[in-house]
Each structure stands twice: as C-alpha cells, then as structure tokens.
Amino acid sequence: MNNQTAWWKKSVVYQIYPKSFYDSDGDGFGDLNGIREKLSYLEKLGVDVIWLNPIYESPQVDNGYDISNYKKIEPQLGTMEDFDMLLKEAHEKGIRIILDLVVNHTSDKHPWFTEAKKGKENPYHDYYIWKDTIPNNWGSSFGGPAWEYVEETAQYYLHLFAKEQPDLNWENPKVRKEVQEILRFWLEKGIDGFRMDVITLISKDPAYPDGPVIQNKAYGSYYAGCASGPRVHEYLQEMNREVLSKYDIMTVGEAPHTSADEAAPYTASDRHELNMVFHFDHMHLDYDENGKYAKNRVKLTDLKEVMTKWQDTMHECDGWNSLYWSNHDQARAVSRFGNESEPYRVKSAKMLGTILHMMQGTPYIYEGEELGMTNAHFESIDEYKDVEALDIFRDFTERKGFSEKDTLELLGLKSRDNARTPMQWDNTVNAGFTEGTPWIGVNKNCKEINVEQCLADQDSIFYYYQKLIQLRHEMPIITDGVYELLDKENESVYAYLRKGEKETLLVVGNFTDKTINYHIEEKVQAKKSRLLISNYNAAETFERDLSLEPYGACVYLLEAEK
Ligand code: NOJ
C-alpha cells in the first residue's frame, strides 16, 4: 500500500487497558463487553483506532503479557463471541481495532513451554532458548537473573522478563511459522493490525555477551545482546512478506533501546517491515543513576532535542512516528510532563495534547489522558499490584538501602500502576468502573476527575482532545507538513512549525506556570494568520508577540506571504 495515502497516517489511536476500562459484570475486572458498552464514548471523542492490551488467555503474572493460549480470550475479559461482537460493533462505528502481539515470549503455562521443559528430545524444546550453563550476567526486567534452571532438562532457559515469561527461540523456523499462523488467525477475523510487544528484542546475539551493569542494578543489561539483534530485520521482513503485506492493516512495534537512526530500517516504507515504532528516548530523559525510578523532571530543551530528532529522521527515511506521552507502562502524562496540581492540571494537559497532536506521526491517547487523569500516588506497597513495582520496592529497600517512604514516593512518580488504576467514569462508588471490588484501587481524585464531569463541561480536556482529533482529520498539513523546531534553546516554550506548500502551522506551548511574553522569530513570516485552537483566550490572529498564559498553548495557521 502506498504510504502517502495510508489510513493510519491520518488516524488517532486510543489505547485501552481492558482490565481497567469498564467492568460490565461486576467481578472487579474490566472486560470486552465493558468496552462494547463504551464504544459510543470513543466515537464521540472521535478516535479512529483502538489498541487493546493483551486479551488472550493468560495466568496474568504480567497482566496478560504472559500468554498461555494465543487463540483464546482470557476468561476474565470475556469470550471469543464477545470479541467478535466488539469488533463488529466497532467497525460499524468506523473504529478499527488493533491487538497486542506478544511473541518475544510466552507464558510458562503455554503448552509449548510445558512440553519444552519435559526434555531435550521433546519437539517443543527448541521453541525456547536453553543453555547448559548460565552464559552471561543478564538480569531480567523484573528482578533476578534472566536465566532459570529446570531440573527435567538440567538446563537454564532465558527470560528477559519474569521467569514465567520464557523467551521464544526465533532462530527456529517452526516458531516463526507458529507466529505467522497466529497473525493469520486474527487478521482473518478482520482486525486492523498489531502493536508488537518488545519486537526489537526477538533476535538474540548468538554470542550471548555480558551486558554492562547500569542504573545500579544487580545484574547486567541484556540490551547489548538483544536490542535490534542480528536477524531481527530478516524476521520482520519475512513476517511482512508472508502475512502482513496481504492485509490493509497498521503495525507498530515497541522498540526499547532503539535510537531514531536504528528505527529507520524498521519503519522506512521501502523496507517492508513495520509502519512505525514506539521509541523511549523521551521516556528516558528523567532517569537518574537508578534509572526510571527517579525524582528528576524532564528538561524542556532535552525533550525538544529528542522529539525533533525523531521528527526529522522519520521524515527523511520515509518512515513514520508514533506519538505518545503515556501508556500502561508509564506514569500519567499530566503528572510527568505537565502539572497535576490545581489550578494547572487541565491547562497543562491540554498544552501537552496540543504539542503532541500537531506533530507528524500517529498520536496515541492512553485511556483517561483525555480526562487529565493523574498518578495514583498509592500510600502503601500493599496497594501496588504490578510485578515491576513489587520488585523495585524489594530492590530499593533491601539492596539499595532506600527508606520505604522514599521508595513509595518514587513509585508514586513512576510506577506502571499509576496508569493502570480504573478509568474514572463518574463520581459514584469505584468511579463507576465496577459494581464489585476493583482489582486495583481507584484514584482518590475520581470524584473531581471523571468522564461525566468532562462531558458536562464544554471547556474540558475531553472536548479539547475532540477538537485536536478533528483538526487532524480535516487538515492535511497536520499529516504532511514538514516539522521545523523554533527557538531550540528556550527552556520554557516549545515552538515549532509544520510547513506545507502554501501554508504553515505555528504550534506553541508554554511548559511553565508563569505567564510569558513570547516573541516569535522574525523568520516566521505570514500574510494572514488564523487561530485554530488554544487552551486560553489567545488572540484570533497571530502577532509577533504572543502572551502565553501558564501552560498556554496555541496553534495558528499562517498563509504564506507572496
Ligand atoms: C512491554 C509491555 O508493554 C509491558 O507491559 C510488559 O511487561 C513487557 N513488554 C513484557 O511483555
């Protein structure tokens, strides 16, 4: 398909964490029928695509990223009939659905693995990665070594994530065929694409080299031996040739530890691999010597540098960007990049939306972002459910010597559970998410921040996002315009252009809680200007000097001078 006209370039994706979205049967877990009930809400917001986090049968060690059957729906979430209905009803509303493809690893309860560990002669043994002795210092993402001993085989298997998530051996052509078969199964049902979990890690360096010990961790990093490994492009091209290219779908690969230059071959249209990737460069900007769990705030000049690098590189290679501030693995966008405190929460959430949605790429809205949902800041470790949070708590308090209070503060800033608390629908009990006991606590601010409140307020973040989405649908320049950063060194204001042939967009956002008189560079010339959207009372036409309110954002359409 010609990338110029691909539907996914004009689309806005809404990410749903099914377990936390809406519970239709009162068991405390969100489910597929719950999503069906809320399709009209998503239609009203105007999104084009829904990405569902894993919905397959899973022991839920890592909330569905440990799959025991790729062709069955997790019973907590519903049945295959429920899924079929969801897909049909979404399509009837013009909303596409993409699924999470998790094939770097399976669950240890997947029949492939239960067979594989029976013995070296078992036909499934070679579906996984085994070593007679531990070959390197790699640590798993959720604590402990990345190698686990199995008595039956007297061997160690590799797991980059929890030990219940053994890594598949992609060197084995049978594994690749199985994956193709899974892809076909879902594509034949009519789904519209895949988000591919840690897909850049599927090819391992056969030397299994030691990794550097970084971020004061107990073990070495596996990235050196896994990120964009030697055969990853071959595998993806094969997958594309055999399956993906036969369907009109979108694909987005999760690409940890992948720079913009490394991402180019994954997404460049002439390579026939993926349409776009999720990178983490902007997520790493507030790390410190202990990695993600840090109190740092992102420096705006660093953020501009990273976003600009990706805008430029993807444009030059004819690839495509995924645009996101948050997802199920990250803190809430407004808490991390904006200001979650009143009176700035709503303004800064809208400002962040403006800056992201006017860039080139496909924007992803994580559930609740359109309400300005904030971090949960749980006060006790007992409230946390995530395998990563529990490991960090143990590691920081027992090995690194942090106090429990400090560790809880760090979890409050960065834990994945911040993004996983239930969607806040109204101000009734459990935020209207469930009539039962929610599997994870509801954010305490749900009485003030919820869908009902947002829908009743014409000035809410919801309606602002609705307008951002509408603008993308109506204005080709938002899809095609060439990005140009202005005023690179400015520590407070993010300003950029999107240049088309006849017109230009000027996008400006104030990242501070101060009013700023902002002078637009002289080189930005316009005959006429028109305000397209703003989160404050910005002037209707563009003047050289803009008075930006705290967290103020505005977008002007500039007509070129002739
Ligand atoms: C990335 C997913 O987004 C995350 O939630 C999961 O824990 C790991 N991959 C392992 O599948």
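Where is F161 found? F161 is found in the loop between β8 (155–158) and α5. This is a predicted model, in which local features need pLDDT of at least 70 and side-chain atom pairs count only at pLDDT 80 or more, while totals for chains, interfaces and linings use all residues. Residues are numbered from 1 along each chain as its sequence is written, and side-chain values use heavy atoms, with hydrogens and water left out. Helices (H or I, at least four residues) and strands (E, at least two) are DSSP runs, numbered from the N terminus.

**The largest pocket**

- The largest pocket has a volume of about 1100 Å³. A pocket is defined on a 1 Å grid over the protein atoms alone, as an open set of points with protein on both sides within 12 Å along at least five of seven lines. Grid points are joined across faces, edges and corners, and a volume is the space filled by probe spheres set on the points.
- Its lining consists of 47 residues, of which S141, K217, Y222, Y223 and E388 lie nearest the centre; lining residues have an atom within 4 Å of a point.
- Helix α12 gives the most to this lining, with 8 residues.
- By class, the lining of the largest pocket has 16 nonpolar, 16 polar and 15 charged residues. Ala, Val, Leu, Ile, Met, Phe, Trp, Tyr, Cys and Pro count as nonpolar, Asp, Glu, Lys and Arg as charged, and the others, Gly among them, as polar.
- E388 is found in α12 and counts as buried at 13% relative accessibility. Buried means under 20% relative accessible area, exposed over 50%, and partly exposed in between (1.4 Å probe, protein chains only).
- Not counting residues up to four places away in sequence, E388 touches F142, K292, Y293 and R416; contact means heavy atoms within 4.5 Å.

**Cavities**

- There are 4 cavities of 30 Å³ or more, a cavity being a set of points where a 1.4 Å probe fits but cannot get out.
- The largest cavity has a volume of about 90 Å³.
- Its lining is formed by 13 residues, with K19, P54, Q60, N63 and L77 nearest the centre.
- The lining of the largest cavity divides into 6 nonpolar, 5 polar and 2 charged residues.

**Helix packing**

- The axes of helix α8 (residues 260–267) and helix α9 (residues 300–316) come within 10 Å and cross at roughly 35°. Axes are lines fitted to C-alpha atoms, for helices over the stretch in contact, and angles run from 0 to 180 degrees between N-to-C directions.
- In this contact, A260, D261, A263, A264 and T267 of α8 meet K309, W310, T313 and M314 of α9. The residues involved divide into 5 nonpolar, 2 polar and 2 charged.
- Helix α7 (residues 232–242) has V232, Y235, L236, E238, M239 and N240 as its buried residues. Their cover includes β5 (96–101), α5 (173–188), β9 (193–196) and α8.
- In helix α13 (residues 404–414), the buried residues are T407, L408, L410, L411, G412 and K414. The elements that cover them include α10 (333–336) and α12 (387–399).

**Contacts between separate parts of the chain**

- F161 counts as buried at 12% relative accessibility. Leaving aside neighbours within four places in sequence, F161 is in contact with N104, H105, S140, S141, F142, V198, L201 and Y222.
- The C-alpha atoms of F161 and S140 are separated by 5.1 Å, although these residues are 21 residues apart along the chain.
- S322, in strand β12 (residues 322–323), is buried with a relative accessible area of 3%. The C-alpha atoms of S322 and P363, 41 residues apart along the chain, are separated by 6.1 Å.
- Beyond four places in sequence, S322 touches V252, M276, V277, F278, T362 and Y364.

**Backbone features**

- Most residues other than glycine have a negative phi, and most peptide bonds are trans.
- A cis peptide bond with omega of about 10° joins E342 and P343; P343 lies in the loop between α10 and α11 (345–357).
- D487, which is not a glycine, has a positive phi of about 50°. D487 lies in the loop between β14 (482–486) and β15 (493–499) and is partly exposed, with a relative accessible area of 26%.
- Y551 has a positive phi near 55° and is found in the loop between β19 (545–548) and β20 (553–559). Y551 is buried, with a relative accessible area of 6%.
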